[in-house]
Amino acid sequence: MVESVLAAVRTAPSTTELRELPMPALTDDAALLKVEVAGICGTDVKMYAKPPFDDPVIMGHENVGTIAVAGEKFKRLHGVADGDRVFVEHYVGCYNCEWCRIGEYRHCEATDWRTNADARRYGYTSSKNHGTLWGGFAQYMYLPWNAVVHKVPEGVSAELAGLVTPLSNGIEWALLAAGVGYADTVLIQGPGQQGLAQVVACKQAGASTIIITGTTRDAARLDLALELGADEAIDIQTEDPYQRVMDVTGGRGVDFVLDCTSRAGVGPVLLGIDVLKRREGTLLIQGELAAFPDFPIKKLTEKAITIKSARGHSYRACELALQQLGSGRFPLERLSTHRFGLTEVDRAIRALAGDTADAGDADVIHISLMPWLEKES
Ligand SMILES: [Zn+2]
Ligand SMILES: [Zn+2]
């Protein structure tokens with residue numbers, strides 16, 4: 001085994017340094033993951049520009065790789081063997097609190113960096129903590145006994161498995177949180193990797209009408225949404241989205257609105273409230289909006305709208321996402337648009353943030369950071 005590990009370390013806002021870090025010592029209940037793919041998402045863009053603290057952090061919270069070294073106890077605990085390809089959740093729960101005890105470790109205090117400065121979460125935790133390698137933007141990642149690993153099905157490549165996080169969010173938010181099901185009508189706002197993942201989840205669940213909105217810049221993403229099963233795509237810059245949704249639904253409105261626009265502000269939420277059916281619709285929102293002036297509470301109560309918040313994913317959603325990838329039922333490989341190596345972390349995050357100079361010709365949907373890319377090519 002090598003003695004040192006190359007890692008892209010965030011050392012200051014929007015600053016990455018390639019560092020050689022010592023290989024952590026492993027106890028019998030721990031393991032090392034050889035990182036194949038670390039997915040990049042909108043959260044990385046935010047955390048890179050505005051880190052919540054000053055400590056050095058190896059980012060990368062959507063990680064896939066193979067078990068490189070593992071203690072016997074780790075293998076027994078997790079049912080894995082050397083060389084197994086696994087998807088590692090970014091949550092590292094305590095497994096002792098009430099949330100962990102019911103399997104909802106995503107709510108565990110031990111993994112919540114917002115409320116606990118000493119929280120463990122891949123991509124967020126200081127590399128000064130025991131284990132050092134707490135993120136996927138490195139050749140190897142440290143797996144303590146309480147890491148949550150999912151075996152990747154045979155035939156699913158590392159790059160495809162890198163889509164587990166957006167897909168599991170799709171399943172969690174659309175199906176498990178909002179409750180989209182057979183014959184439902186759905187409006188999905190925003191055709192990024194999250195929005196596209198919601199299309200797939202809703203289609204698989206049997207939604208009868210899936211409408212997706214985007215801007216003129218999103219033309220290729222909207223086309224991909226139609227290919228993945230959306231029925232109607234609306235460019236909100238050239239069409240009136242309210243009118244189009246009403247036309248498509250025969251004036252009834254939709255059963256569900258899933259807002260995946262993240263930083264678009266209040267517009268999508270207000271539109272969502274308006275296009276929901278007359279009574280008992282469900283609006284799924286994300287926590288990007290800090291505050292909301294003139295929130296139309298009256299309209300909300302008159303229409304008896306339920307608001308659900310999108311908050312990560314559960315164990316079950318990850319397993320269902322892996323099954324979905326293994327089934328080959330949807331051309332999900334189309335979501336994987338870009339690859340970057342370990343020396344290009346800064347470029348990769350800028351490309352996802354919309355810097356076209358860093359993205360090249362193709363539209364960015366999902367970016368795979370592949371720590372071993374340069375060495376192999
Ligand atoms: Zn993410
Ligand atoms: Zn816990």
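Q: How exposed is Cys94?
A: Keep in mind that this is a predicted model. Cys94 is partly exposed, at a relative accessible area of 26%.

Q: And Cys108, buried or exposed?
A: Cys108 is buried, with a relative accessibility of 1%.

Q: Which protein donors does the zinc ion (ligand 2) have?
A: Cys94, Cys97, Cys100 and Cys108, each through SG. They lie 2.3 to 2.4 Å from the zinc ion (ligand 2).

Q: What geometry is that site?
A: Tetrahedral. The angles among the four donor atoms run from 104 to 117°.

Q: How are those donor residues spaced in sequence?
A: The pattern for ligand 2 is C-x2-C-x2-C-x7-C.

Q: What do Cys94 and Cys108 tie together?
A: Parts that are 14 residues apart in sequence, because Cys94 sits in the loop between strand S5 (85-88) and helix H3 (98-101), while Cys108 sits in the loop between H3 and strand S6 (140-143).

Q: Switching over. What coordinates the zinc ion (ligand 1)?
A: Cys41 by SG, His61 by NE2 and Glu62 by OE. The distances are 2.0 to 2.2 Å.

Q: What spacing do they follow along the chain?
A: The donors of ligand 1 follow C-x19-H-E.

Q: Where do Cys41 and His61 lie?
A: Cys41 is in the loop between strand S3 (31-40) and helix H1 (42-49). His61 is in the loop between H1 and strand S4 (62-70), so the pair ties together parts 20 residues apart in sequence.

Q: Is Cys41 buried or exposed? What about His61, buried or exposed?
A: Cys41 is buried at 7% relative accessibility. His61 is buried at 5%.

Notes. Residues numbered from 1 in each chain as written. Chains lettered and ligands numbered in written order. Predicted model: local features only at pLDDT ≥ 70, side-chain atom pairs only at ≥ 80, totals over all residues. Heavy atoms only, no water. Donors = N, O, S within 2.8 Å, 3.2 Å for Na, K, Ca; no water. Tetrahedral: all angles 85-135°; square planar, octahedral: opposite > 155°, others 65-115°. Helix = DSSP H or I, 4+ residues; strand = E, 2+ residues; numbered from the N terminus. Buried < 20%, exposed > 50% of the residue type's maximum accessible area, 1.4 Å probe, protein only.
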